[in-house]
Amino acid sequence: MFHRRFLPARTAAPELLLLLLLPMLLLRGLPGCCGLAARLAVPTRLRNTIVLGGPRSPSPAPLSLPLKRHGRRSCSSSRTAPLPARAEVLFGEEEDPSGPKGILSRKAPRVVAAAASAILLLGLSACLSARISSLVSPLASSLAALGPSLLRRLPAAAPIRTRPLALALGIVLTARALALAFGAGRRRARDATSEWQRYAEHPGARGRAILAMVAKQSLWIATAAVLGGLGARARSKRLRRHAGAAFSASLLGLGPLYVKLGQIASCRKGLLGEEWIEALEDLQDRVPARKGSEALELAHSALPGGRDDFDKCFVDFDTTPLAAASLGQVHRARLRDTGEEVAIKVQRPHLKKIYDRDLALLTALARSMDKLSSLRSRGSGGAGPSWTQIFADAEAILYREIDYRDEASNAARFASDFGLGIGGTSNATTTALARNSKPMPEASSWIRTPHVYPHLSSERLLVQEYVPSIKITDGPGLDAANLTAEDRAGLADDLARAYLRQFCCNLFFSTDPHPGNLGVELVPTDGHDGTNLSTSTRPRLVMYDFGQVATLTKSQADGILEIIEAIIDTDVERSIEAFQKMEVLVEDADLDQVRQKVAENYRTGKIKANRKKLRQKGFTFRDDDNDGESGLLSANKTTAAAAESQGGYSESQVMSSFTLPAEYAFVARAISQMDGVGKSLDPDFDFISSAAPYIVEIKGTDLYLKDEATKFARSCQERLEMLRDFWTKGIQAWISTSTQNK
């Protein structure tokens, strides 16, 4: 079989023509092949003109040539057919059929057919020759294009047997697909990422791979469901595990962007089945990597000076990677000058070319989605999310991710914002400021990130401090470290605390907190000799990989902090104010609709903080004595009641008042992945409840106390208003009753 990569891009049509002619050559011989080619190569209107004679002037009767059916069955030689008009021009219409020119006119069509078939066969054989394809493929394309032009001079096409042709064509196409699949399977067996560049160059091949993956997954899921229904639960579970492993392998083979999708899905426990989640976890840090001499060559190629530059800086390079993900793999080594142990992150080859092609396709898809969104929102008057802008921001982040110099700068900024130094030590001050404009406290006691060496790093190689840790979702590893449930819940709270600081103070956050980028370090506690891990160590959160980061504006950060506090207090009016600060409402938003929807979400518990958990941490709420009411303030109840009296609103009407700036797409992604990690440590984890105790750290003690006093005063005022309304209504009712009695 021949593959399109053996031919220039413009030979797609001749290749298809040759593929269609191959079974015809076997079944019908040269004349049948020519007839099929004539039908394929000549447009219908032109073919009718050529074969049927087309419109003619009232000239003498056209010449007739004897036709003979080729094959097993034959017709009488007395049958004749009129010679087409073009054939009359070629061979003449006034010559004697018994003369030399008449004999030539009868033989000429067969000669032309034989010549055309020979040209087509030459083109086909040239295409089938893979070894010399680079030399003959332009010639094959020319020959294949020349054949149809000669076939236009043929007389009427011979009858074609469609059933054998369809059968042969199906066999040929099936054999070709099997050959391509077999070749791709052999390449993936040697290197699981071997098809990334081919899929980027041929999106159609990736589309077929995705369709095949969906078909297989559907079949396996349906079969597993049937087996489970019949009671064969063990066989059903094995099949589901096989389907999960195949799904993970398929995403790995499709390219780095699909590996990213698998990483995101692996953090959402309820999104897919358990067997699929377990298989997708391998995409976090166990993607197949290059080893041995291949890994060393990859590291050499990542530096401008190649092997010489590498040997000047590093020794004891371990060719077996510590971890490998979608974009790179990590190896241990030592600095030649100081002997310090470092981790070297080396980028996979050809990522820039793959991103160029994949992101161009995604950008075109985003434009189409925006057009559909504009058509759908035109009737409602709302403004939907700008997918083009979201993809443009994602494109900028992804391109920065494959430049390790940017990642080194991001890691240094993260360490500076949290006051982290080399070796897990602390810096004297932090660069991030609290809401009271004072520096945030340093965080080295509960979080760490590896120190980076920017002067040793390059675009495709990142050098950082070697910081071993336990993967944050490694249950057996955490058990071996004797971490209690309380310790794990504390780690989940530290993760929420870190992101609250990133969102609200640093204005800069990592968008990719999947388990492969998070670890747990055991730190010796003060006053112990470190000989007994169960009593002399404490866990500390470790954050790796700052290739994907995003930034926020001051108003966006203020809005995020405001909406967190509003959710804790179930305050509708404050939620509306937060939305306005966050700039997620369109200019002509219907605030009554939004108020009603927010109040409904608070009443039904669709949006809420874990108050039981917050009470355990010392929080008190103003509605604790209201017999478990929803927690809405009286003013909020009045607003909601007024909105409800005007009639209900549909979901689409309310959502038409919102728009989604691109930055919040990355905030949502980070919170989504963080939620999955947090729930693996603490089943009761939610970001709002875990981050709430650290709001005082974000604001500063003085500002926090001032805000709490303001909220208490407003609460007292609301209670007085409620009491006044109660007495007013009671007195009015008493007066009305007294008047009626008189």
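A residue counts as buried when its relative accessible area is under 20%, as exposed when that area is over 50%, and as partly exposed in between. The model discussed here is a predicted one.

Q: How many of the residues of strand β5 are buried?
A: Strand β5 covers residues 328–335 and is mostly covered. With buried taken as under 20% relative accessible area, the number of buried residues among the eight of β5 is six.

Q: Which residue of β5 stands opposite F314?
A: Strand β3, residues 314–315, is joined to β5 by two bridges, and these strands run antiparallel. Within this pairing, the residue of β5 that faces F314 is L335.

Q: What is the bridge partner of A323 in β5?
A: Strand β4, made of residues 323–324, pairs with β5 in the antiparallel sense over two bridges. A hairpin of three residues connects β4 to β5. Across this pairing, A323 has as its bridge partner V330.

Q: How is α17 oriented relative to α19?
A: Two packed helices are described by the angle between their axes and the distance between the axes. Here the axes of α17, residues 404–418, and α19, residues 485–506, come within 11 Å and cross at roughly 95°. Angles from 65 to 115 degrees count as roughly perpendicular, so the orientation of α17 to α19 is roughly perpendicular.

Q: How many residues of the contact of α17 with α19 are charged?
A: On the α17 side the contact is made by R413, F414, D417 and F418, and on the α19 side by A498, R501, Q502 and N506. These residues divide into three nonpolar and two polar, while the number that are charged is three.

Q: What distance separates the end C-alpha atoms of α17?
A: The expected span of a helix is 1.5 Å times one less than its number of residues. For the 15 residues of α17 this gives 21 Å, and the expectation agrees with the separation of the end C-alpha atoms, which is 21 Å.

Q: Is S416 of α17 buried or partly exposed?
A: The buried residues of α17 include Y404, E407, A408 and N410, and S416 is found in this helix too. The relative accessible area of S416 is 26%, and buried requires a value under 20%, so S416 is partly exposed.

Q: How far apart in space are S416 and A432?
A: Not counting residues up to four places away in sequence, S416 touches T430 and T431. S416 and A432 are 16 residues apart in sequence, and their C-alpha to C-alpha distance is 8.0 Å.

Q: Is N482 buried or partly exposed?
A: N482 lies in the loop between α18 and α19, and has a positive phi of about 60° although it is not a glycine. Its relative accessible area is 44%, so N482 counts as partly exposed.

Q: What is the relative accessibility of E583?
A: E583 is found in the loop between α22 and α23, and its phi is near 65°, a positive value in a residue other than glycine. E583 counts as partly exposed because its relative accessibility is 47%.

Conventions. Residues numbered from 1 in each chain as written. Predicted model: local features only at pLDDT ≥ 70, side-chain atom pairs only at ≥ 80, totals over all residues. Heavy atoms only, no water. Axes fitted to C-alpha atoms, helices over the stretch in contact; angles between N-to-C directions. Helix = DSSP H or I, 4+ residues; strand = E, 2+ residues; numbered from the N terminus. Parallel < 35°, antiparallel > 145°, perpendicular 65-115°, else oblique. Contact = heavy atoms within 4.5 Å. Nonpolar A, V, L, I, M, F, W, Y, C, P; charged D, E, K, R; others polar. Buried < 20%, exposed > 50% of the residue type's maximum accessible area, 1.4 Å probe, protein only. Pairing = 2+ DSSP bridges.
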